[in-house]
Amino acid sequence: MRLILLNGSPRQGSTHKILSDIQAKLTAPGVEIELMSLAGKKVAPCNACDYCKRQKTNCCVHDDMEELFPQFVSADAFVVASPVYVMGPTPQLSAFFSRLRPVHHVYPGMLRNKISGSIAVGGTRNGGQELTVSILNNYLLTRGLIVVGSEIGNYHGGKIWSQDSPDRAVKDTIGLETAYGVVRRVIEIAKYFSK
Ligand SMILES: Cc1cc2nc3c(=O)[nH]c(=O)nc-3n(C[C@H](O)[C@H](O)[C@H](O)COP(=O)(O)O)c2cc1C
């Protein structure tokens, strides 16, 4: 099973640190954990030209989405992580999800029923992590994925208080447990359905 941890930050900062630690430390037999990053990538938002819808072919905008699209859609399970920007996900991640439109018009069902979850990393303790996780979950639902959360403490996804620094982010032990919790839960349910 291939699990993608997608970093929606435009830089390799706190979100990258959290995801790379999870990749290094989480024991998950039979699961290949792959980091994917929007840092340094040029992904324009969907401009609603309807080219993919009318022509039934890939997007006519030529940018880094040409490489990111096949990498993403070919995975089996997903955890999407975003820094909190103005109490929501980054515009980079919003653009990325808008550009997944060919999933419906060219490759219907390509992501349907794959398992997913979300993590938000905010500089302020209560800076919008819950709202960001909710929006990320909506992005995933919109693309046909099944979203999972878990029990008390984690709820609908991982929530980290970074205090604007990777070194401080990894000291948020309560938040880290929620981030590891959502990754473990995605793996658990993905394995359950692949039996
Ligand atoms: C444009 C911008 C908007 C931000 N808005 C918020 C916010 O609304 N709430 C919050 O808690 N942190 C906010 N932050 C802080 C980031 O969420 C925080 O520094 C985060 O750890 C960055 O993750 P990264 O290092 O992976 O990029 C904002 C940062 C930027 C650059």
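Modeller: Happy to! First, a term: two residues are in contact when they have heavy atoms within 4.5 Å of each other. Please keep in mind that this is a predicted model.

Let me begin with the ligand itself. It is surrounded by 17 residues, and the closest are Ser9, Thr15, Val84, Ser162 and Asp164. The side chain of Ser162 places an N or O atom 2.6 Å from a ligand oxygen. Ser14 takes part through its backbone, where a polar atom is 2.8 Å from an oxygen atom of the ligand. Val121 also uses a backbone N or O atom, at 3.4 Å from a ligand oxygen.

Some of these names come back in the second largest pocket, which holds about 230 Å³ of space. It is lined by 15 residues, and those closest to its centre are Pro83, Val121, Gly123, Ser162 and Asp164. Helix 1 (14-25) and strand 4 (115-122) each give at least two residues to this lining. Sorted by class, the lining has nine polar, four nonpolar and two charged residues.

Now to Asn7, which belongs to strand 1 (residues 2-7). Asn7 counts as buried because its relative accessibility is 2%, and buried means under 20%. Its side chain reaches the backbone nitrogen of Ser9 at 2.9 Å, and Ser9 is one of the residues closest to the ligand. Setting aside residues up to four places away in sequence, Asn7 touches Gln12, Thr15, His16, Leu19, Met36, Ser37, Leu38 and Ala81. Thr15, in that group, is also listed among the residues closest to the ligand.

Gly8 gives us a handy reference point for two further residues. Pro91 sits in helix 4 (residues 91-98). Although Pro91 and Gly8 are 83 residues apart in sequence, their C-alpha atoms are 8.7 Å apart. Pro91 is classed as exposed because its relative accessible area is 51%, and the class begins over 50%. Lys41, for its part, lies in the loop between strand 2 (32-37) and helix 2 (51-55). With a relative accessibility of 30%, Lys41 counts as partly exposed. Beyond its neighbours within four places in sequence, Lys41 is in contact with Asp64, Glu67 and Leu68.

Finally, there is the largest pocket, with a volume of about 370 Å³. Its lining is made up of 16 residues, and Arg125, Asn126, Gln129, Glu130 and Lys159 are the closest to its centre. Helix 6 (129-142), strand 6 (158-161) and helix 8 (173-194) are the elements that provide two or more lining residues. Helix 8 gives the largest share, four residues. By class, the lining of the largest pocket has eight polar, four nonpolar and four charged residues.

Technical notes. Residues numbered from 1 in each chain as written. Predicted model: local features only at pLDDT ≥ 70, side-chain atom pairs only at ≥ 80, totals over all residues. Heavy atoms only, no water. 1 Å grid on protein atoms, 1.4 Å probe; cavity = no way out; pocket = protein on both sides within 12 Å on 5 of 7 lines; lining within 4 Å. Points joined across faces, edges and corners; volume = space filled by probe spheres on them. Nonpolar A, V, L, I, M, F, W, Y, C, P; charged D, E, K, R; others polar. Buried < 20%, exposed > 50% of the residue type's maximum accessible area, 1.4 Å probe, protein only. Near = heavy atom within 4 Å. Polar contact = N/O pair within 3.5 Å; in protein donor to acceptor, adjacent residues only side chain to side chain.
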